[in-house]
Amino acid sequence: LTPGLMSAQEYEQQDMDRKKAQLSAVVVETMNYLGMAQHTERFLMLLTRSNMYSIYDVEVLTKDTAAPLQLPWELVSALQRRLRVWKLEMVDD
């Protein structure tokens, strides 16, 4: 491997870390907006246990797919609404 170049595994790990950080930031924003900041870590843990690592993972959830994962639909739907606004804000920048 050439110095300064990362392996495919390193690249994938960095990409996964970036996706998790994006999702985490939007979850924190959403939970603060809902006045539920004290439950942010718990909700992030539930998402991680359900293999929800990226914004896309959350976007495709439905009430029916969230239920078996034991994800609270009210929080998931609030997060999905915030993601729609967040994406619009990103386009405007």
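Tutor: Helices α1 and α2 are oblique to each other, a class left over once angles under 35 degrees are called roughly parallel, those over 145 roughly antiparallel and those from 65 to 115 roughly perpendicular. The model is a predicted one, in which local features need pLDDT of at least 70 and side-chain atom pairs pLDDT 80 or more, whereas totals for chains, interfaces and linings use all residues. Residues are numbered from 1 along each chain as its sequence is written, and side-chain values use heavy atoms, without hydrogens or water.

The angle between α1 and α2 (residues 40-49) is about 140 degrees, and their axes lie 10 Å apart. These axes are lines fitted to C-alpha atoms, for helices over the stretch in contact, and the angle, on a scale from 0 to 180 degrees, is taken between N-to-C directions. The crossing of α1 and α2 is right-handed, the term for a near helix turned clockwise from the far one by less than a right angle, left-handed being the anticlockwise case. On the α1 side the contact is made by S24, V27, V28 and M31, and on the α2 side by T40, F43, L44 and L47; contact here means heavy atoms within 4.5 Å.

Helix α1 itself covers residues 8-33. Its 26 residues reach 38 Å from first C-alpha to last, close to the 38 Å expected, where the expected span is 1.5 Å times one less than the number of residues. Helices are DSSP runs (H or I, at least four residues), as are strands (E, at least two), and both are numbered from the N terminus. Just after α1, G35 takes a positive phi of about 75 degrees.

Which residues of α1 are buried? They are D15, L23, V26, V27, T30 and M31, where buried means under 20% relative accessible area, exposed over 50% and partly exposed in between (1.4 Å probe, protein chains only).

D15 forms a salt bridge with R18, the closest N and O atoms being 2.5 Å apart, and another with K19 at 3.4 Å, N to O. A salt bridge is a side-chain nitrogen of Lys or Arg within 4 Å of a carboxyl oxygen of Asp or Glu. D15 and R18 are three residues apart in α1, which means a separation of about one helical turn; K19 and D15, four residues apart, are likewise separated by about one turn. An α-helix has 3.6 residues a turn, so residues three or four places apart point the same way. R18 is partly exposed at 43% relative accessible area, and K19 is partly exposed at 32%. D15, R18 and K19 are linked in a network of salt bridges.

For context, the salt-bridge count comes to five. The protein chain has five helices and zero strands, and 30% of its 93 residues count as buried.
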